[in-house]
Amino acid sequence: EFRRVLFRSEVLSDTLLHVAGQLAETPYGPPDPVQVRGDGLVTPVAGPSGWRRSIYVQQRRKEIPSLLEAFDLPQMNPNCLTRPNSIVATQALHLMNNAMVHRLATAFARRVIHEAGPNPRAQIHRLYLVALSRHPTPQEEALTIQSLDQLTVQWSQSQASSAAPHPPSTRALANVCHAVLNSADRK
């Protein structure tokens with residue numbers, strides 16, 4: 001049986017920020033501005049303590065944050081009687097390729113390292129617990145350890161790693177965090 005998984009744009013955005021440890025809990029006040037990037041994507045501007053919840057992001061008709069728009073943010077011009085629900089390829093592509101999502105995956109990796117320490121098994125358990133609210137199965141743990149080891153070796157051998165701001169192990173963990181954030185876990 002196929003079950004449609006519908007994401008509310010605001011919940012998805014706020015959850016990505018929370019998991020990455022980048023959600024600023026500051027309530028009320030003026031809306032946070034958005035930035036129209038050179039590639040045409042619209043992203044909220046981070047404050048000193050991260051990004052605030054989606055409800056506090058400035059929304060103009062022509063400058064709707066790209067993540068919110070991709071995941072069916074209700075249009076408010078002139079008013080919204082029902083929220084559209086769609087599952088389209090651009091949603092998956094946005095989560096896989098967007099620079100902000102990659103930045104959040106790296107922040108999530110740093111959070112996991114800070115909370116779990118240098119032990120890869122402890123990092124994987126913390127990653128699953130934070131992102132999916134459960135521990136990994138033995139098969140998931142073994143596959144994730146194997147992937148983490150392979151990615152660390154690849155990042156170590158990469159010429160780009162010498163100029164990178166993070167060590168190969170952190171970059172590898174960021175890749176794993178990105179994959180878990182993009183998973184459709186239904187357990």
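You're looking at a predicted model, where local features need pLDDT of at least 70 and side-chain atom pairs count only at pLDDT 80 or more, while totals for chains, interfaces and linings use all residues. Residues are numbered from 1 along each chain as its sequence is written, and side-chain values use heavy atoms, with hydrogens and water left out.

Select 120-132 for α5 and 138-157 for α6: they pack at about 120°, axes 10 Å apart. The angle runs from 0 to 180 degrees between N-to-C directions, with axes fitted to C-alpha atoms over the stretch in contact.

Now show the side chains. From α5, the contact (heavy atoms within 4.5 Å) takes in Pro 120, Arg 121, Gln 123, Ile 124, His 125 and Tyr 128, and from α6 Glu 140, Glu 141, Thr 144, Ile 145 and Leu 148.

Next, the largest nonpolar core, a set of 31 residues. Its members are buried Ala, Val, Leu, Ile, Met, Phe, Trp, Tyr and Cys joined through side-chain atoms within 4.5 Å, buried meaning under 20% relative accessible area with a 1.4 Å probe, protein chains only. Pick Leu 16, Leu 104, Phe 108, Leu 127 and Leu 173, which touch the most other members. Helix α4 (99-116) gives the largest share, 8 residues.

Then center on Leu 16: leaving out residues up to four places away in sequence, Leu 16 touches Leu 67, Leu 95, Leu 104 and Leu 181.

Finally, zoom out: 37% of the chain's 187 residues count as buried.

Conventions
Helix = DSSP H or I, 4+ residues; strand = E, 2+ residues; numbered from the N terminus. Buried < 20%, exposed > 50% of the residue type's maximum accessible area, 1.4 Å probe, protein only.
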